[in-house]
2 protein chains.
Amino acid sequence: MSKLIRVDMNTREIRVEDLANNKAYGGFGGRGLTSMIVSREVPPTCHPLSEKNKLVIASGLLSGTTAANSGRLSVGAKSPLTGGIKESNVGGSGAFKLARLGVRGIVVEGQAEPGKLYCLVVNKDGASLEAADEYKGLKNYDLVEKLREKYGEKVGTVSIGPAGEMKLSAASVAVSDTKGRPTRHAGRGGMGAVMGCKGLKAVVIDDAGAPKMEYKDADAFKAAAAKLRKALQAHDVTKPDGGLAVFGTNVLVNVINEAGGFPTRNFSDGRFEGADKISGETMHDIIKERGGNTTHAGCTTCIIQCSNIYHDKDKNYVTSALEYETIWANGANCGIDDLDAIAQIDRLCDEYGLDTIETGCAIGVAMAGGVKEFGDAEGAIELVHEMGKGSPLGRILGNGASVTGQAFGVANVPVVKRQGLPAYDPRAVKGQGVTYATTPMGGDHTAGYAVATNIMKVGGYVDPLKPDGQVELSRNLQIATAALDSAGLCVFIAFAILDIPEGLEAIPEMLNARYGLNMNLDDVTEHGKAILKAEREFNAGAGFTRLDDRLPDFFKEEALEPHGVVFDVPDEELDELHDF
Amino acid sequence: MSKLIRVDMNTREIRVEDLANNKAYGGFGGRGLTSMIVSREVPPTCHPLSEKNKLVIASGLLSGTTAANSGRLSVGAKSPLTGGIKESNVGGSGAFKLARLGVRGIVVEGQAEPGKLYCLVVNKDGASLEAADEYKGLKNYDLVEKLREKYGEKVGTVSIGPAGEMKLSAASVAVSDTKGRPTRHAGRGGMGAVMGCKGLKAVVIDDAGAPKMEYKDADAFKAAAAKLRKALQAHDVTKPDGGLAVFGTNVLVNVINEAGGFPTRNFSDGRFEGADKISGETMHDIIKERGGNTTHAGCTTCIIQCSNIYHDKDKNYVTSALEYETIWANGANCGIDDLDAIAQIDRLCDEYGLDTIETGCAIGVAMAGGVKEFGDAEGAIELVHEMGKGSPLGRILGNGASVTGQAFGVANVPVVKRQGLPAYDPRAVKGQGVTYATTPMGGDHTAGYAVATNIMKVGGYVDPLKPDGQVELSRNLQIATAALDSAGLCVFIAFAILDIPEGLEAIPEMLNARYGLNMNLDDVTEHGKAILKAEREFNAGAGFTRLDDRLPDFFKEEALEPHGVVFDVPDEELDELHDF
C-alpha cells in the first residue's frame, strides 16, 4: 500500500489515504507527488505563509527499494522565496524509511496555534502528532540528538532549525543522513519557512518493524536494478574511483573555474584566483590528512558516494556533505578561499537550517553592497550567525539575495524568480542559464543540469559559450529530471544513463517491476512533461509570465571574463522551452 | 517655450530640448510627461537602481499660471518598490517655479560615480550641475537651509534625505513648500531611491528674473481660471470655511472611522478606539491652542489651504502638512493615538526623506510581526530613527511593508504591487479597493479617489459596502485623475469639478487659452486614457499581468468589522477596468 498521510495542524487530526485508489496522485512520487498536490490543492495566489499553503513531503516511486541512489526525498509547497511552486530535493535516509513504511507522502495542512510546535512521528503503527515546545529554538544537531534519545538511534528525521521557526525564506528542511546527522537539506525556496509557519518542528520516521518491500515482479526488479548499478559503476563520473567518489561534487571547482564559468565575487568574474585553495583536489588532501572521509554515502542506497566528512585542524568532526555548490556560494562568490571557514559556514547552515546556496548568494550581494569586504571569511561567518539569531541583519540575509539586494541598494542581484543562482555563470555555461531562466523552480541548477553536456560532454556536447542548441538541451534535461525526481532517483545517475543505454532502460523496467506497470521510455518522458506542465500552470496562476523566465538584465549586458561573453540565448527561444 | 532638460549623470552633460517640437511629449505635462518618457525610454525589465532607469521631474501643463491649485509636481521613474512605472505627485513650490522658468521637465539619466553627489541648479540662465559632496548624509531641513544660504532664500528645492542616498524603496523626494521648508514629499514608490542612485542630492530652482508667463489668450485664461476658483470657493469640501480648510485632510479621521473603513492595527479592524484623539477636530484645537496654523497653503497657487503648521506643547514648530494619510498610517494603523508622537514621526519622515504611508504600513506590519507592540508610540519613533540611520532593521522597514512582512514572517501584508495601502480599508470602501488593485501605480489612493463618491457623496453616490458600480466609478476617476495630474492640478479640485459643471469646463478652457488649443472635455478624457495606457504598457513589459491587479487574498477572506465585509468585487470586473 502507498499511503498519503494528511496532517491538519489546525485540528491536529491525521488522515491516511490510499494512493492506489487516487487517480490524480497515484502514479506519482517525489516531486511528481508534491507538485501535483500543490498545484491542485494550494490556491496559487495565497500567501506562502498563510494556512492555505500546504507542505508536502514525498518519497520517490522507487524509494525504499534496492535500486541504487533511489533515496531522494521531495519537499514541496508554494515558495515564500519565489512566490511560485517549489520542490526542493534532498537525500539522506528519510525517503527510504518513509517508503519502507509504505508512506509515499505527507501533506501538512493548516497551521498550529502561533508559538506552538509539534513533532510528527511516523512508524509501523501509523502517525501521531506530539507536542514539541521543548525543542523551540533548537539547532538541528541538538534537536536531532534529542529526537534520537527519545525515539531511538535508528530513526530518520526531517526537521527545521531556528531559521525555519523564524520563517526566513532561505530556511531549509534538514534530513538526517545515513549516520543520523542532519546534514542533508532540502535547501531551496524556503521550505523550512513553510514547515515553520505550520508549527511542525520535526518529522520522526521510525521504520523498525516495517513490512518487507513488495515488488510485483521481484526478479525483474533485481535484474533492472542491476543494470542501473552496472551503468553507474561503469561511467567515468559515477564509478567507484570516479571524480564524484574521490573528490566529491567539489571536483567541479577546477572544472568550472577552468571553463571560465565559476561565478566570483557576486557574479562579477568567471574565474577565482583562489580556486586552487578550495578545489576538490585540495579538499581531498585536507580530509585525508585529518582523518575525515572523502568517499561517503550520505543517502541510503547511494553507490556513488559523493558525500564526505570534513574535520578541523584538530581532527574533530565539523560537517558532512560539504558540496560544490556550498563551497562555491560561500567561497568564490564571496571572494573567500579558506576551506575551513567555508566548512564552518556549511555546519552553521545545517545547524540553523539554511540553504547554503541562498546564504552564499545573499552574503555575496551584501558584500557588493558594502556590508563586509569580499574575502572576509570571519565576516561571512558572523553574517551566518546573524541569520541564525534572527537579528535584523540576519533577517535581511535570511530572506535571500533578492531582499538583500533591495536592502542594500545593489542593482546586480543574481536571481531568477527571486531565487539566488547557483555555481555556474549563465554567460559561460549557457545551457545552465536556460535552465535558470525557464525552470518553474526559479534559479536552480538541478532542474536541468546542462553542465553535464556543456562542460563534461556527457550525453553529447553543446558548446557552453554559444547560444545554439541550449534550449533543446535544457528542455530535454528538465523533462528527464522531473521524471527522475518523481522516481526518487538521484540526479547524478543522469551522467550514467545519458551515456549508457542499459542504465536508461533500467528506469522504466524498475518501475514496471515494482508496480506491475507497462511503461516504456516515452512514458517516462510523458511523466516528466506532466509534472512540468502542472508546475507551470501553478506558476501562471500565481502571476508568472514569460517575463519571469528571464535572467536579470545585467547578464545580457555586462560581459564576463575571461571569455568576454554575455548571455545571448534569444528571449524568443526561451519562450519555446515549454512548447512540448 | 516649454523646455525639457536632460541631465546625464555619467558625463555630467546637460542638454535642453524644446518640447514644442516634440510630438511624443509636447502635449503632456506632470504625470503625463513622466509616464510618457519612462514608458518610451526606460527598458521595463531594467533594475530600477541601474543606470538605465531615468528619473523625470515634471511640472504640469497649467503650472506657473494663475490657475488655482496648479502647483503639483510629478516625479516619475521605474519604481524600486513596485517594479512598475511610477508617478509620485507632490505640491510645494517646485512646479510653479520650474514652469515660470519655462521648464516642463527634467530627465535625470545615467549614474554619477558611486559616492559622488551633485546638485542641479536651474535658473533663468539655464541649468548646471554642481558638486554636492558636502551635503552627504544631510537631512532635508538642514540641507534646505544650507541650499538657501548658498542660493538665496527664495529658491525652491527638490531634494533627498539619507533614505534616498541609501536607496531605500520607501525613500521620498522632498519639495520645499511656500515657506521654503521641505515638507511636501513625492512619497510613494521610492522615487528618492532612484534620485539617490543617480547621485543627485538636490535640484535648486531659482526663478528670479523669470520671464512673464505667456498665454495665447490671456483674457480667456483669466476668465476660465476665475470659473475654477469660483467652483472651489463654492463647494462644501473646498470652500474657505469648508472641511479641508478648517480641519485639513485630517477631517477624514472621523469620517472614515465612522464609515468603518479606518484601517486599524495593520488592517485588522475598521474602527479605531483612539480615533477621537487623532481626529481633525482634535488636531484643530491643539494647533489653535499652541499657536500653529490650521489653514495653510503649502503649495503655490493653492486656495483650498488644507495644509497646517503643527507646534509642540512648548509652541515650537514641529512639522507642516500633517496629513490624514500620515496620521492614519502612523496612528490607527499602528494602534497609536498620540498626535504629538505622530507629528514627530511626520517630521522625522520629512527629515530622512521617507514616505509616511509606506513607513506607517511597514511599522504596522512589523508590529504584527512582534517587533514592537501595537500602540507603542515611542517604539514607532525609534523605528523611524532606525530607518534614517540605515541600520539593518531600518533597511528592512525602509524597503516597505512587503519586505518587512517577509523579514518577520507576517502573512497579512496590506500591499498591491508591493506598495503599502493607504488609509481606507478596501473591504469597507470598495471603490477605493478597486483603485488600489488596478491602478498602474500600485496600492495608491489618489490615482482614483473613490472615497469622494463612496463616502462623501461627491459626484453622486456608490454604496461603499457593495461591489456594484465600483469598477466604473474607479475607471472614470482614474482617467480623470491622470488628466488632472498631467495638468498639474491638485486632486482636491475633483470635489468641486465633479459637482459643479462650470469648474469642470474650466479645465479645457484654461489649457486652450494657455496653449492655443481647441480641446473639449472629451479630449481631456482621451488625454487621461493615453497616459493610463502608456503606464499599463510599461507594466506589462515589466511582467505585470491581471494577477497583479488584485488585492492580497486576506481582504477577500477575512471579514472586516464593524460591517463584517470582505472585498467582493469580482476579479472579472477588475479585469475590465482598463477596457476603454
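How many helices and strands are there in chain A?

1. **Fold content.** This is a predicted model. Chain A holds 24 helices and 17 strands. Its C-alpha trace spans about 60 × 50 × 50 Å along the principal axes.

2. **Burial and contact range.** Chain A has 580 residues, and 67% of them are buried. Look next at sequence separation. Of the contacts in chain A with a separation of 6 or more, 71% join residues 24 or more positions apart.

3. **Symmetry of the pair.** Two copies of a chain are related by a rotation about an axis and a shift along it. Here the turn is 180° and the shift along the axis is 0.0 Å. Which C-alpha of chain B is nearest the axis? That of B:Pro392, 2.7 Å from the axis.

4. **The interface.** The contact takes 29 residues from chain A and 28 residues from chain B. On the side of chain B that touches chain A, helix H15 (392-397) and helix H16 (400-407) each supply at least two residues. H15(B) gives the most to that side, with four residues. B:Pro392, whose C-alpha is the one in chain B nearest the axis, falls within the range of H15 (392-397) of chain B. By class, the side of chain B that touches chain A has 13 nonpolar residues, 10 polar and five charged.

5. **Matching surfaces.** Why do the copies meet through the same surface? Because 100% of the interface residues of chain B are also interface residues in chain A.

6. **A helix pair inside chain B.** Helix H12 (residues 339-352) and helix H14 (residues 377-389) of chain B have axes that come within 10 Å. The axes cross at roughly 0°. Angles under 35 degrees count as roughly parallel, so H12(B) and H14(B) are roughly parallel to each other.

7. **Residues in that packing.** From H12(B) come B:Ala341, B:Gln344, B:Ile345, B:Leu348, B:Cys349, B:Glu351 and B:Tyr352. They meet B:Ala377, B:Ala380, B:Ile381, B:Val384, B:His385, B:Met387 and B:Gly388 in H14(B). What classes do the residues of this contact divide into? In the contact of H12(B) with H14(B), 10 are nonpolar, three polar and one charged.

Key
Residues are numbered from 1 along each chain as its sequence is written. Chains are lettered from A and ligands numbered from 1 in the order in which they are written. This is a predicted model: local features need pLDDT of at least 70, side-chain atom pairs count only at pLDDT 80 or more; totals for chains, interfaces and linings use all residues. Two residues are in contact if their C-beta atoms, placed from the backbone, lie within 7 Å. Ala, Val, Leu, Ile, Met, Phe, Trp, Tyr, Cys and Pro count as nonpolar, Asp, Glu, Lys and Arg as charged, and the others, Gly among them, as polar. A residue is buried if 20 or more other C-beta atoms lie within 10 Å of its own, exposed if 12 or fewer, and partly exposed in between; C-beta atoms are placed from the backbone. Copies are superposed by least squares on the C-alpha atoms of residues with pLDDT of at least 70 in both. Axes are lines fitted to C-alpha atoms, for helices over the stretch in contact, and angles run from 0 to 180 degrees between N-to-C directions. Angles under 35 degrees count as roughly parallel, over 145 as roughly antiparallel, 65 to 115 as roughly perpendicular and the rest as oblique.
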